[in-house]
Amino acid sequence: VIYTSSGRSALYMLLRSMYESKKPFENNPNIIIPGFSCVVVCNAAIAAGFEVRFADIKKSDFCLDLESVSKLVDSNTVALVAHHLFGFIDERITEFKLKWPKIILIEDCSHSLGSTFLDGSPIGSKGDFSFFSFEQSKPITAWDGGALVVNNSHSADYRFLHKTKSLMPTESNWNVIRALFFLVLYTFCYSPKLYKIGIPVA
């Protein structure tokens, strides 16, 4: 596990290290991401040097549509990002890995920290890599922060991972103090007792 300042930083660090370790490329390398996703996922991929391809999602659970992904994969596809959103878990992570064993599979767990697959495995444990966000809008928050989890050490080049991390800006002391202040403030303001909100009893 490598801790970062945010989930997007964790993703960028991974993608940039992948780009640096695999270049030079014969053709433009691409990454496939869900068409319905946070814009920072796309931004991180572009900033890292990759072409982005958007795959459709299923209406039933907002997860990747396998048929759509199949149409986008080619010899220049380096990675596939699969996300877990709104309480829906993409149970086909293993299926993706079996179908495209040479493509690096990345789990976006920013909105699903603490969830599990149907077999009881924790979210983020089946992809080659996974990243998490602890930002204030997430289910479990530290106000800021993120993490990159390396599940497949054969897909990771730690030299480039740590080199990329060392080049990324760090939080200033002022930003840390500011974040702690707002964390305490929000904790107080979100208290039901402050607004005399009744808690229903079943």
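The protein chain exposes about 11,700 Å², and carbon and sulfur atoms supply 59% of that area; accessible areas come from the Shrake-Rupley method with a 1.4 Å probe, and for residues only the protein chains shown count as cover. The structure is a predicted model, in which local features need pLDDT of at least 70 and side-chain atom pairs count only at pLDDT 80 or more, while totals for chains, interfaces and linings use all residues. Residues are numbered from 1 along each chain as its sequence is written, and side-chain values use heavy atoms, with hydrogens and water left out.

**Overall architecture**

- The protein chain contains six helices and seven strands; helices (H or I, at least four residues) and strands (E, at least two) are DSSP runs, numbered from the N terminus.
- Read from the N terminus, the order of the elements is β-α-β-α-β-α-β-α-β-β-β-α-α.
- Of the 202 residues in the protein chain, 42% count as buried, where buried means under 20% relative accessible area, exposed over 50%, and partly exposed in between (1.4 Å probe, protein chains only).
- Among contacts (heavy atoms within 4.5 Å) with a separation of 6 or more, residues 24 or more positions apart account for 56%.

- Helix α1 covers residues 7–22, and its 16 residues should span 22 Å at 1.5 Å a residue, which agrees with the 23 Å between its end C-alpha atoms; the expected span is 1.5 Å times one less than the number of residues.
- The buried residues of α1 include Leu11, Met13, Leu14 and Leu15, as well as Ser17 and Glu20.
- In helix α2 (residues 39–48), the buried residues are Val40, Val41, Cys42, Ala44, Ala45 and Ala48.
- The cover over these buried residues of α2 includes α1, β2 (30–34), β3 (51–55), β4 (77–83) and β5.

**Pocket and cavity**

- Rolling a probe the size of a water molecule over the atoms shows where empty space is left.
- On a 1 Å grid over the protein atoms alone, a cavity is a set of points where a 1.4 Å probe fits but cannot get out, and a pocket is an open set with protein on both sides within 12 Å along at least five of seven lines; lining residues have an atom within 4 Å of a point.
- The largest pocket holds about 310 Å³ of space; grid points are joined across faces, edges and corners, and a volume is the space filled by probe spheres set on the points.
- The largest pocket is lined by 20 residues, of which Cys38, Val40, Ser110, His111 and Lys138 are the closest to its centre.
- Elements that give two or more residues to this lining are α1, α2 and β6.
- The pocket lining divides into seven nonpolar, eight polar and five charged residues; Ala, Val, Leu, Ile, Met, Phe, Trp, Tyr, Cys and Pro count as nonpolar, Asp, Glu, Lys and Arg as charged, and the others, Gly among them, as polar.
- One cavity of 30 Å³ or more is found in the whole structure, and the lining of the largest cavity consists of Leu80, Phe96, Lys97, Trp100, Ile103 and Leu105.

**Two individual residues**

- Serine 68 lies in helix α3 (residues 66–72) and counts as buried because its relative accessibility is 11%.
- Threonine 116 is located in the loop between β5 (104–108) and β6 (129–133), and its relative accessibility of 43% makes it partly exposed.
- Threonine 116 and isoleucine 89 are 27 residues apart in sequence and 7.9 Å apart in space, C-alpha to C-alpha.
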